[in-house]
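Hi,

Here is the structure I promised to pass on. Have a look at it first, then read my notes below.

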Amino acid sequence: MIFIYNYKNSFKNYDEAKYPYGMEFIKESKYDNFHGECTEEGFNIMAGGSKHLFATPALENFDIKMKVSISHYRAPFRNLVFAVLAGFDKKTQKGYDIEFKYEYNEKIFSISIVESIGLKKTVLLTKKYEDTDIKYHTPTPLKVSVSDGKVQGSFGKYSFDFDFVIPRGRVGIDVSYVSYGIIFSDAVITSSETFAKKKIFFIL
């Protein structure tokens with residue numbers, strides 16, 4: 001793939017509320033905060049139930065890479081569910097999660113394609129790994145590629161390859177369940193799609 005469009009976010013630049021620049025918050029819960037904040041390690045999302053969109057155009061074919069680390073500060077490690085959101089439409093609130101779920105007691109790690117409409121989620125396709133051990137406080141490479149009816153990628157050593165068409169839409173992060181935080185860092189989105197350029201004039 002010849003990459004033309006390129007988006008990067010280190011999550012080291014943020015506003016007074018410590019919400020990262022280059023992101024858009026989609027509120028879905030009753031809470032007024034952003035469910036997370038930027039730290040020295042990255043964007044730490046500490047509660048589920050809301051979406052965080054990257055400030056990119058709607059994309060149909062793209063690759064996203066970033067590092068993901070599970071926080072663990074005050075209690076034993078629990079289950080977690082997080083996702084790369086793709087094909088999201090703000091008007092209908094519909095999109096598709098490439099969902100990563102770790103069931104701690106069963107040691108099962110699953111990767112799924114999930115239809116998401118608001119807070120309602122429907123699992124469409126799943127690949128499961130048994131007898132797994134997901135490490136916390138360990139930045140783990142996450143890769144997702146959406147192109148030509150294929151959804152492929154990996155989280156650490158766990159890979160996936162689905163035949164599924166995701167429509168054009170916004171790309172983001174969707175955290176459904178977490179005990180003490182998931183830290184995202186060094187996000188890079190690339191695409192072979194081209195977009196119309198606009199002239200911007202500054203009047204001093």
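The side chain of R170 has a polar atom 3.3 Å from the backbone oxygen of T56. That is a polar contact, meaning a pair of N or O atoms within 3.5 Å; within protein, one must be able to donate a hydrogen and the other to accept it, and residues adjacent in sequence count only if both atoms are side-chain atoms. Before going on, note that this is a predicted model, where local features need pLDDT of at least 70, side-chain atom pairs count only at pLDDT 80 or more, and totals for chains, interfaces and linings use all residues. Residues are numbered from 1 along each chain as its sequence is written, and side-chain values use heavy atoms, with hydrogens and water left out.

Back to R170, which you'll find in strand 14 (residues 170-177). Strands (E, at least two residues) and helices (H or I, at least four) are DSSP runs, numbered from the N terminus. Is R170 buried or exposed? R170 counts as buried because its relative accessible area is 14%; the cut-offs are under 20% for buried, over 50% for exposed and in between for partly exposed (1.4 Å probe, protein chains only). Not counting residues up to four places away in sequence, R170 touches a list of residues that includes E24, F54, T56 and K90. Contact here means heavy atoms within 4.5 Å.

Next, the charged pairs. Side chains of opposite charge can pair when their charged atoms come close. The rule for a salt bridge is a side-chain nitrogen of Lys or Arg within 4 Å of a carboxyl oxygen of Asp or Glu, and by this rule there are 11 salt bridges. One of them joins K51 and D174, with the closest N and O atoms 3.8 Å apart. This pair links distant parts of the chain, since K51 is in strand 5 (residues 50-54) and D174 is in strand 14, 123 residues apart. K51 is buried at 1% relative accessibility, and D174 is buried too, at 2%.

K94 and E115 also meet through their side chains, 3.5 Å from N to O. K94 belongs to strand 8 (residues 94-103) and E115 to strand 9, 21 residues apart. With a relative accessible area of 31%, K94 is partly exposed.

Then there is the salt bridge between D97 and K121, at 2.9 Å from N to O. D97 is in strand 8 and K121 in strand 10 (residues 120-129), 24 residues apart. D97 is buried at 0% relative accessibility, whereas K121 is partly exposed at 30%. Which residues do salt bridges with shared partners join into one network? They are K51, D97, K121 and D174.

D97 turns up again around S112, which touches D97, I98 and T126, among others. S112 sits in strand 9 (residues 108-117) and is buried at 4% relative accessibility. Its side chain makes a polar contact of 2.9 Å with the side chain of T126.

Now for the greasy part. A nonpolar core is a set of buried Ala, Val, Leu, Ile, Met, Phe, Trp, Tyr and Cys residues joined through side-chain atoms within 4.5 Å. The largest one has 47 residues, and F54, F82, I98, F100 and F184 touch the most other members. Strand 6 gives the most to this core, with five residues.

I64 is in strand 6 (residues 62-70) and is buried at 2% relative accessibility.

Last, the rings. Phe, Tyr and Trp rings (the six-membered one for Trp) pair if their centres lie within 6.5 Å; planes under 30 degrees apart are stacked, over 60 edge-to-face and the rest tilted. The whole structure has 15 aromatic pairs. Y7 and F54 make an edge-to-face pair, 5.5 Å centre to centre with 70° between the planes. Y7 lies in strand 1 (residues 5-9) and F54 in strand 5, so the pair ties together parts 47 residues apart in sequence. Both Y7 and F54 are buried. There is also one aromatic cluster formed by F82, F100, F109, Y129, F155, Y158, F160, F162 and F184.

Cheers
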